Amino acid sequence: MVYNLGRALGVLFKHYIYFKDERFRSVKQYIYKILRIGAALSLTLCLALAYYAYQWLNQIGAFHLEESRITSLKHISFSDNSLVFDRSGNRIGEFFNRYQIFASIDEIPKVMINAILAIEDRQFYKHKGVDFSALTRATISRIRNGKITQGGSTITQQITKQLILTPDKTIERKVLEIFWALKMEKILSKSEILEIYTNALFLGNGAYGVAAASRRYFGKDVRDLKLEEAALIAGLFQSPSRYNPAKYPARAKKRQKMVLNAMQKAGYINKKQLKTALNAPLQYVNYKPVNYETAPWFVDWVRDNLSKVLGDKAKKIESNGLRIYTTLDPDLQIAAESSIKANEGIFSNLEKTTYIDTLNESGKRNNARIESAMLVTDPTSGDILAMVGGRSYKTSQFNRTHSAMRSPGSSFKPIVYAQALLSGMKWSDVIFVSPVNIDNYKPRTPESDFLTETTMLRAFYRSMNTPTIEIANKVGINKIIQLAKNLGMTSPIKNELGSALGSSDTTMFDLARVYGTFTNKGRKQDLIGITKIETSDGATIYERPLPSETAVTVVPEQLAFLINEGMRSVLIHGTGHNSSELAAIATGKTGTSNESSDNWFCGSTANTVATVWVGTDEHVAIPGNVTGGGLALPIWDTFLRKAIQTRPAPIVFPPKGVYAARVDSQYGNSSSTGVKMWFFNHQKPQDTESPLQSIQPHTSGVYRRVFSH
Amino acid sequence: MYSLTNVLHKLFNSMSLSRKQILILCFYSSAALSQNSAPIGESKRPPIQGTKAKTSGSTDAPTTKDSKKLNDSDPQQKTSDKNQEDCLKLFNRYAVPYKDLWAKRPKDLKIEDTDGLNLIEDMTAQHCQETETRKEFITLLTKLLNQHSGKIAVILPLTTKIQTRHIIKGSKNLDPKNVLIIYDSVSQLPRLESFLSEAIFKHRASAIVAGYESSELLTLNEVSAKFSIPVFAINNPQPNSVKNNFMYYTHPTPNGIAQAIVKANKFYNHKKISILRPNDQHSDNIARELEIVAKSEGVEVLHNVSFDNRRADQMERAARQLFKLAPNERLDELKRLFENAKRHAAAKGQTFNPRMVALQPVVLQDAIVILDHFKSVRHMAKIFTYLGVRKLPLVGHFEWRSAGLVEPFDPVFSGSYFVDIIGNYSAVPEGLRVPALSNQPLLISHDKVEQLDFSMIGYRAVQTPVNLSMAKSKPRRKLDSLIPRTSGISAEEIYFNDANTINWPTYQFEVVPRGSGGSIILK
């Protein structure tokens, strides 16, 4: 406006010179007078207009553009996604508000730049932020057609519009856009402006920037884009939603053609290239978030756990380009998932006979969905190596390894027997297996076990309930609960004898910690998933402490060894017998809660603890006498056989202070044909045969047959 | 003879004839047959001629009735009708059984026949008419009935019943002069009879120890009676067995155990008892005796319930009967409990758990006698606890005596007691002694217990015969008078009661806590 006013005054001044000629004096004088008045009026008007324009511009802030708002755009590179990596450096997750992958201008291929410039701002390197001729063309076109038919905004203006101003369609916004664009061009270089443009603008499907769009539409790095692909992405800048190839492929193709033509017209490509590109098929990828690909429950858990690790620093985790390095072992994760999948058939069969309480449309009870979960940890470091929170993340994102409170059943028993050993009992101690009633608490045990006798070890590896309750009653449930907490249980444990049989709900995390403590020679490690967090420029803002610094000895190494060897017996002789082949390197314990609603197997090698659960989210009974040994153990077995391929199990040597002896498993006396039992050095199995051996179980045999010969 | 009497017994069963009556019939029948056959001259040998009669070293008579005839027999006296008649009576009384037994002697038995034993085989009633033969017969008979060598024949199924070896061991412990002659009957009756024949004819045994198998008792009873030879059976009398003064029973008796238990009940002032027993014959016998003895001693038996000690549910069911907890008892009370529990649960907002509702036991007895082994008893005690019976004296017998009763110790047994047929193991005869367990001085290793039991049975079985064997001057047929029958002697001494059964001494033990465990003390 000021410019036009100036030009008008110039014209008036030219006419004033012309009329000074004497030949036209009278006319001249008249006209001059008129002109003088007109000029005065015009000047007054112009000044008024200028004043008001200035006032208006001042009012809308055109003279108070903060430079910092422009310079801050240079730091767009910091507004990056946070990435999660497994222990091998593979990207397994991304946290973002906007899907962004920063690519510097040097990383963006020429073809991409050219495509953008061809369609969006051919004069980019020539104008100073505003292309007035293009702007005029666009204005005229708008006036003529009554609608926007061609864009007049430069790339710089578009940045201003998208990143500094609001998208309102007002005069004020447009004027400010010009001012901002002009100023931006003074502050930023063309490359910087282009870098901002190619990284910051929304290109559909959640992606911001060409690198993100390249990944999301074509599943490839921006550097690998082909001409036709670059053209498609360049076409998205105008209207990402309108030209979204995922939704409107034909429309996107038309737009791509437009871009390619523009490129050819601008001389970026020749006709041959144009033709080839036009005919090249576009290979879109289905967008599958990386978070879902490898370890979705783990990535979720990492996100939830970041705030715990970082504290206040965690507020910007989704947009500050953190690099989060985790403990996840990709091979074990695959092994864990495939092991659960391998049992799909069993789950499906069980679902046919397992019901929840709700009714379907035909009035019949709905079938329950059998769920399963697995958590794999490194007992020596507490590292979470694999996490499968359910059978299908798509079906249910509920993380059963961490968030489900389930009854551990007999998988709690190692704690009971550990306390028994601590209290002076030994594996060879004999217990009479009969119905038990302690303060009206009557645990169930298969009647076939009644009227027999057993050593404590046999009761353990056969997972007998009544002997366990008697032991718990003898050593005291309070002590057992305290030991459970020391070993790593964080869930509340009810102060009642039933807890000894696992009646208090707990999490898989808790069990993994407890079993990990036994496996790690009595040293407790908290479970961790994050080893290091860096900013995108490589600065470390968190690093886990060394495992040796975090390990806390909670039970003597000898006790841990004795319990572990007891759990080896579970595999050799007991409820885990179906996996006895693995007993040379592994130990473990089954667990089955009431009515088989929870079925566990918690097992470990010296460097890997794997905890498996099978049940239903509704806690309903699973019929068919299923057990942890029958349901969870096969999954664990499958997993471990795969796991040891990449993670061989070290040999475990007994610590000082323990020794092994062969002991009759039922009567507790030394016997060369008995089972191997481990003892503290100060303990000793009975030397002589038990008197109980004079009476065979399940016979009416009598002792001292004085009257029955 | 045994088989024959058995057949006849069955035959005459309907005629209500006792086995004794049948035997008499057999005896006379065979005698008659012998008489009838004699004239035909079918004997293998002609009547023995010129066999010199040898007078017995003894002046006593074989039996009370016949002895007079035997003693009064005068060889110098001419044949008379009366002598013939006496001879015939003797023939009928003894010759037939001797003939039978002689016929059963081992085929390869070699006997130096200085006494004319062959006469027995050939003797017929007709020979009573011949003076010389008659004299020979009477002389031989006198010798057989009176003379005894001091040897004791022990006839046991050594190869078929392993525990009899321990009986032999116990027997030999009392055999410093090597008077025992050991035979292996292999649990076969013909072999027993064969060895009896050898023992009587060849060895002139003073007494016989046998009868480990119940099936042997009838034969032994007959032999002891007919040959007036003391027989000590390692067994209890059979029901309806005929008592005779030469047949004795040396085995501990159910009655003896019952007496001991009731005595202990009274010692602890337990006047009301219940009996639990496994369903086997010997426990049933003891329980029956216990009921009888308890009644006679003023101890009330509230229950006598059997169970299958192989099944926990059966044991629980039996236990429930003792405490009025049987499924259909106290139904109204149970319903009230359920309703109360439901109300309480609802009031507290808790889930009603029917498993927490249980009737309280009604304990009316002062003690419970469990006639089963320690292992079964320990399980039964846990079932009692399961049913809510926390503290009740338990009473048992010899099958309780084991370290298994007190190790590991269950405090519920504190104050319980039992009886046994052996006292302090250190007090058993020296040759049989077994070292006690280091931590339980009244117990020995379980694998030695039964051996010692049978050794002690063997020891007790020969104790009296050995004493008898030393009285060689006493005619064998009079040895029964030397068998001790009084009860005024010490518990360690042996005597026999009116039923000819032995008085096994019994001992009373109590379970007491000791430190963290338990122990057994002798009361």
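**Salt bridges, a disulfide and a strand**

Modeller: Let us begin with a single residue. Lys161(B) is partly exposed, since its relative accessible area is 23%, and a residue counts as buried only under 20%. Please keep in mind that this is a predicted model.

Colleague: With which residue does Lys161(B) form a salt bridge?

Modeller: The partner of Lys161(B) is Glu213(B), with 3.0 Å between the closest N and O atoms. The two lie in distant parts of the chain, 52 residues apart: Lys161(B) is in the loop between β1 (152-156) and α7 (164-172) of chain B, and Glu213(B) is in the loop between β3 (207-210) and α9 (217-226) of chain B. Glu213(B) is buried, as its relative accessible area is 13%.

Colleague: How many salt bridges are found over all chains?

Modeller: The search of the whole structure gives 45 salt bridges. One of them joins Glu333(B) to Arg330(B), again with the closest N and O atoms 3.0 Å apart. Here Glu333(B) is partly exposed, with a relative accessible area of 30%. Salt bridges may also be linked into a network, as they are for Arg369(A), Glu371(A), Arg400(A) and Asp617(A).

Colleague: Which residue of chain A meets Asp453(B) in a salt bridge?

Modeller: That residue is Arg704(A), and the N to O distance is 2.7 Å. This pair crosses between chains: Asp453(B) belongs to helix α16 (residues 446-469) of chain B, while Arg704(A) lies in the segment after β20 of chain A.

Colleague: Are Asp453(B) and Arg704(A) buried or exposed?

Modeller: Both Asp453(B) and Arg704(A) are buried.

Colleague: Let us turn to cysteines. Which residues form a disulfide?

Modeller: For a disulfide, one reads the sulfur distance and then the torsion. Cys87(B) and Cys128(B) form a disulfide, and their sulfur atoms are 1.9 Å apart. The search over all chains finds one disulfide. Cys87(B) sits in helix α4 (residues 81-103) of chain B and Cys128(B) in the loop between α5 (118-122) and α6 (131-146) of chain B, so that the bond links distant parts of the chain, 41 residues apart. Both cysteines, Cys87(B) and Cys128(B), are buried.

Colleague: Why is the disulfide of Cys87(B) and Cys128(B) called left-handed?

Modeller: The torsion about the S-S bond of Cys87(B) and Cys128(B) is about -70°, and the disulfide is therefore left-handed.

Colleague: How should I read a strand, and why is strand β20 of chain A described as largely enclosed?

Modeller: In a regular strand, side chains alternate between the two faces of the sheet. One then asks how many residues are buried. In strand β20 (residues 675-680) of chain A, five of the six residues are buried, so the strand is largely enclosed by the rest of the structure. Strand β19 (residues 658-663) of chain A runs antiparallel to β20(A), and six bridges join the two. Within this pairing, Phe679(A) of β20(A) is the bridge partner of Tyr659(A).

Colleague: Finally, how is chain B as a whole to be summarised?

Modeller: Chain B has 16 helices and 14 strands, and 54% of its 523 residues count as buried. Its accessible surface comes to about 23400 Å², with 51% belonging to carbon and sulfur atoms. Of the contacts in chain B between residues at least 6 apart in sequence, 71% join residues at least 24 apart.

Conventions:
Residues numbered from 1 in each chain as written. Chains lettered and ligands numbered in written order. Predicted model: local features only at pLDDT ≥ 70, side-chain atom pairs only at ≥ 80, totals over all residues. Heavy atoms only, no water. Buried < 20%, exposed > 50% of the residue type's maximum accessible area, 1.4 Å probe, protein only. Helix = DSSP H or I, 4+ residues; strand = E, 2+ residues; numbered from the N terminus. Pairing = 2+ DSSP bridges. Contact = heavy atoms within 4.5 Å. Areas by Shrake-Rupley, 256 points an atom, 1.4 Å probe, with all protein chains shown as cover. Salt bridge = Lys/Arg side-chain N within 4 Å of Asp/Glu carboxyl O. Disulfide = S-S within 2.5 Å.
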